[in-house]
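Please read it alongside the model shown here.

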Amino acid sequence: EGFSARNRLLLWVVVGALLVVAIGSLLVILPWLPAEDEVDKLIDQGKTRYARGDLAEARATFLKVIERDAKQGLAYNYIGVIAQQEKRFDEAEAYFKTGIEVDPLTSANHYNLSLLYFQLGRYDEAESEIVEAMRLIAPKSQYLLLYADIAGKRKLGSAEIVRRQIGRAHV
């Protein structure tokens, strides 16, 4: 009611001009931003190939992910798992550790590094990694089961396990 027809028209012209400027700015900026959709699609393709058992193609796909965005901790995790399955343990360890460095909040690299250490009989390191994985994510049964296996191999009693967990919870 307070705006005349002329003022409403001017308002729409100004808003339209601002939208054109904003869209133009985005078109200039967007090519310089990481192509997140492309990376997400590659991650999905890699997961599908891994699930089908096509490890070579899955590995190649996750390497492409890392080329486009080196901070994708999940890609390092999958490559590490593939290397572990192929019994290339040093390579698997390196990928899990790199995944932890670039994305310290992804628990999967800690979990799978713990599995690797457990497989290799390196129980102290396995315990350290599974505890970190559990700290990062709400406990899942697979994490707890692996920790129980590690504790069993290390011959830890339940009181010692609880003491360790309570001690870490306050750090």
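The protein chain has nine helices and zero strands. Along the sequence the pattern reads α-α-α-α-α-α-α-α-α. This is a predicted model. The chain holds 171 residues, and 31% of them are buried. Take the contacts in the chain with a separation of 6 or more: residues 24 or more positions apart account for 48% of these.

**Helix packing**

Two packed helices are described by the angle between their axes and the distance between the axes. Helix 6 takes part in both pairs tabulated below.

| Helix pair | Axes come within | Crossing angle | Handedness |
|---|---|---|---|
| Helix 4 and helix 6 | 9 Å | roughly 20° | left-handed |
| Helix 5 and helix 6 | 9 Å | roughly 155° | left-handed |

Start with helix 4 (residues 73-85) and helix 6 (residues 107-119), whose axes cross at roughly 20°. Angles under 35 degrees count as roughly parallel. Helix 4 and helix 6 are therefore roughly parallel to each other. On the helix 4 side, the contact uses Gly 73, Tyr 76, Asn 77, Val 81 and Gln 84. Helix 6 supplies Ala 108, Asn 109, Asn 112, Leu 115, Leu 116 and Gln 119. By class, this contact of helix 4 with helix 6 has five nonpolar residues, six polar ones and no charged ones.

Now the other pair. The axes of helix 5 and helix 6 cross at roughly 155°. That makes helix 5 roughly antiparallel to helix 6. From helix 5 come Phe 89, Ala 92, Glu 93, Tyr 95, Phe 96, Lys 97, Gly 99 and Ile 100. From helix 6 come Asn 109, His 110, Asn 112, Leu 113, Leu 116, Tyr 117 and Gln 119. The residues in the contact of helix 5 with helix 6 divide into eight nonpolar, five polar and two charged.

**Nonpolar cores**

Which residues of the largest nonpolar core touch the most other members? They are Phe 96, Leu 113, Ile 130, Leu 146 and Ile 150, out of 18 residues in that core. Five elements are listed as giving two or more residues to this core: helix 4, helix 5 (89-102), helix 6, helix 7 (123-136) and helix 8 (141-153).

Leu 113 deserves a look of its own. Leaving out residues up to four places away in sequence, Leu 113 touches Glu 93, Phe 96, Lys 97, Ile 100 and Glu 129.

There is also a second, separate core of 13 residues. Among its members are Leu 42, Val 65, Ala 75 and Ile 79.

**Two single residues**

Most residues other than glycine have a negative phi. Lys 87 has a positive phi of about 60°, although it is not a glycine. Where is Lys 87 found? Lys 87 sits in the loop between helix 4 and helix 5. Lys 87 is exposed, because its relative accessible area is 59% and exposed means over 50%.

Thr 98 lies in helix 5. Its relative accessible area is 28%, so Thr 98 is partly exposed. The C-alpha atoms of Thr 98 and Ala 70 are separated by 9.9 Å. Along the chain, Thr 98 and Ala 70 are 28 residues apart.

How values were computed: Residues are numbered from 1 along each chain as its sequence is written. This is a predicted model: local features need pLDDT of at least 70, side-chain atom pairs count only at pLDDT 80 or more; totals for chains, interfaces and linings use all residues. Side-chain values use heavy atoms; hydrogens and water are left out. Axes are lines fitted to C-alpha atoms, for helices over the stretch in contact, and angles run from 0 to 180 degrees between N-to-C directions. Helices (H or I, at least four residues) and strands (E, at least two) are DSSP runs, numbered from the N terminus. Angles under 35 degrees count as roughly parallel, over 145 as roughly antiparallel, 65 to 115 as roughly perpendicular and the rest as oblique. A crossing is left-handed if the near helix is turned anticlockwise from the far one by less than a right angle, and right-handed if clockwise. Contact means heavy atoms within 4.5 Å. Ala, Val, Leu, Ile, Met, Phe, Trp, Tyr, Cys and Pro count as nonpolar, Asp, Glu, Lys and Arg as charged, and the others, Gly among them, as polar. A nonpolar core is a set of buried Ala, Val, Leu, Ile, Met, Phe, Trp, Tyr and Cys residues joined through side-chain atoms within 4.5 Å. Buried means under 20% relative accessible area, exposed over 50%, partly exposed in between (1.4 Å probe, protein chains only).
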